[in-house]
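Biologist: Could you take me through this model, one point at a time? I will ask, and you reply briefly.

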Amino acid sequence: MEYQLDKNSMKLAIESCQQKIFALTLYLVGGDRNKAYDVAAAGFAEALQTASPLEDESTLMVRAVRSVIERSRDTKAIPFFDDADFADLPRPKREPLRLMKKALLGLDLDTKAPLLLRDQAHLSYKEISAILEVPEKEARIRTTQARVQLRNKLDEVLRHGG
Amino acid sequence: MGDDLLITCADIKKRLKPFLEDLLAEDEYQVFVSHIKDCAKCRNYVGAIGSVSNQLWELGNVRVPSDFSSTVLFNLDHMERIPSAPKRGRPKKLIVVAAVLVISIAAFLIGVNHFKGRRGPGSDDAVIIKKETIRSGGDSEGKALLDELQNIATGLGVNVKKDTEGTKAEKTLLEEELSKDEGPAPADPGPQAAVSVKPAPLHWHFIVSKQGGETTVDYGEKDKKEAEVRKKADELRTLEGDIKVLQEKSRVELGKSYTEKTKTEIEEARNAANLELQQRIKERSALEGSIRSLEEEVSSIELSARQASEEKRRRDSEREQRLSDALNTADITPNYRANDHILLTGTGPAIETAASRIQSFSGASYFTDFTKDTSIPSKGQLPVSVYIEREASDVLHWHVGPVTPGQRSEISDMIHGKSGSVDHESEDIIIFSISTAELETLRGHITALGVPFSEFGRPASKGKLLSSKPVTVSVYFPSK
């Protein structure tokens, strides 16, 4: 383990991508922050276990995201609708976000994962394909399909009065 | 990543549509994202468009708990305790073999004990479950099965011993067998953790959250205004005293005979006193006006407080009714009900029905099990605690356990020995209330025994110190 990252470098590496990974995990596990905290922390630790100083941020993120997706897969969570994170926003802005969140949590994990990675974390398709272990073209197709499914879900949510 | 590509704020407007439709080339996309992250003006401009991708981006603005990186580093230091992410399609053959092995050994020992006439938990013959058969990070379903088997064995009076007594040859054989199916074995956690049998889910928890949108009363403002009224009333009293003095002075001056002072002197003195008197009277009426206005503000705050309190009562009562309806719909009768805590048992599907109904009216709720095992069993009765949240950031409840059967009497004695009152006691749970000071002592004693002691609430309440008010604690004992 002589090439392992030192504690400070690890902390910096975590802090550089914790926002993206925590948010991703939160929506993958159904919005439960407690669960997201545990899953994301364990996924990060697993990714860091073999991290080396030569590794770039993107590689670490790919490994951490892959781990949290696998961990989230076994999480059976009842969707948790907490709008605490955007409670400070004005109502006209808050309501669409609440509906979007509801629609998003209604999608299954394999559908929402590529969409979150692209539109929320803004990862490149190369990174997404590495995470999902599929070719780049496939990652692109899945993301596009997920957007369509999310729009349909959103329509469904709106039809049922939010 | 195309760092050489330059983009200006004007380019952002041009490329907005293709960006929102995800039609930009990868380099352009990343440069676009990088620009709007750094440029607040462009960020606001792009954010104003209500597209799906923008909203998803906005949803990503969640607060990461400040202790997150420390927790990751802590996890990393204690990596052997964190099972690696489960892989799909893991073979279950070995789990089944292990299960059969445990049942066979248990049955054999029961038979032997029966014939020897010394059956019971005190028996010296113990079933040895080898850690090699229950791999850390193994299939959770398999683990649950093994846990159940272990419980059955314990229930049958067979002492399930956590041990490292297997011979080296047996150990090597098992290790070889495991490595065939699942790759290299994890590092040995040492003799202290010889068997890493994860306890079965003890208890499920559901939080019925405080609903948003309640009127908040600024009691600080009310206190400030009341203090101001008190100060002004003091000033008014002083002023009244001054006025009396001045009136007396005016009278005295008026009563003086011309022999003592000249007429002009007397009149001048009287006029001066009257002038000062009038000035003070003006001040008094201004002060009285100000006091009246402050008193009106205080009354208005009090009225808001009363209205808010009534509104809260109404909401609480509505929530209670809906909660009760949700439980009735799922055909669940609570076993215990206190002010903000309900204990109930029900089947997995019934609990899920109740949970989804509760979520339909509770703004924010979450459902979790005590041991972080996330699957909701579909069979058997599931114990559930429902907590009704009063304050959004408070620690809801304190949890002690799981308590092993060997520690039960010791912990029970500790609880009953303290002056806290036991609110509910059953085979698998004791709920008691205790003052903070005593809880601190109790917590010290209980954690010294290695029994987990934690708070339960929103993530915001994590790591909070014990509050000053009396607290409620649940102590969990694994059911047999």
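The questions below go from confidence to helices, cores and strands.

Modeller: This is a predicted model, in which local features need pLDDT of at least 70 and side-chain atom pairs count only at pLDDT 80 or more, while totals for chains, interfaces and linings use all residues. Residues are numbered from 1 along each chain as its sequence is written, and chains are lettered from A and ligands numbered from 1 in the order in which they are written.

Biologist: In chain B, where is confidence lowest, and where is it highest?

Modeller: We use pLDDT, the predictor's confidence in each residue, from 0 to 100. Chain B averages 66, and 56% of its residues score at least 70. Helices (H or I, at least four residues) and strands (E, at least two) are DSSP runs, numbered from the N terminus. The lowest mean, 32, belongs to strand β1 (residues 126–129) of chain B, and the highest, 88, to helix α2 (residues 26–38) of chain B.

Biologist: How many contacts does the stretch of residues 111–143 of chain B have beyond near neighbours in sequence?

Modeller: Two residues are in contact if their C-beta atoms, placed from the backbone, lie within 7 Å. The pLDDT is below 50 over residues 111–143 of chain B. Beyond near neighbours in sequence, the model gives this stretch 71 contacts.

Biologist: Which residues of helix α6 of chain A are buried?

Modeller: A residue is buried if 20 or more other C-beta atoms lie within 10 Å of its own, exposed if 12 or fewer, and partly exposed in between; C-beta atoms are placed from the backbone. Six of the eight residues of α6 (residues 125–132) of chain A are buried, so this helix is largely enclosed by the rest of the structure. The cover includes α3 (57–73), α5 (109–120) and α7 (136–159) of chain A, together with α2 of chain B. The buried residues are Y125(A), E127(A), I128(A), S129(A), A130(A) and I131(A).

Biologist: Why do the buried residues of α11(B) lie on the same side of the helix?

Modeller: The buried residues of α11(B) are I351(B), A354(B), A355(B), I358(B) and Q359(B). An α-helix has 3.6 residues a turn, so residues three or four places apart point the same way.

Biologist: Is I301(B) exposed or partly exposed?

Modeller: I301(B) lies in helix α10 (residues 263–329) of chain B. Within 10 Å there are 19 other C-beta atoms, so I301(B) is partly exposed.

Biologist: Which residues touch the most other members of the largest nonpolar core?

Modeller: A nonpolar core is a set of buried Ala, Val, Leu, Ile, Met, Phe, Trp, Tyr and Cys residues joined through C-beta atoms within 7 Å. The largest has 53 residues. The residues that touch the most other members are L24(A), A40(A), F44(A), V65(A), V68(A) and L117(A).

Biologist: In β10(B), what is the bridge partner of H424(B)?

Modeller: Strands β9 (residues 421–425) and β10 (residues 429–434) of chain B run antiparallel and are joined by four bridges. A hairpin of three residues links β9(B) to β10(B). Two strands pair if DSSP finds at least two bridges between them. The partner of H424(B) is I431(B).
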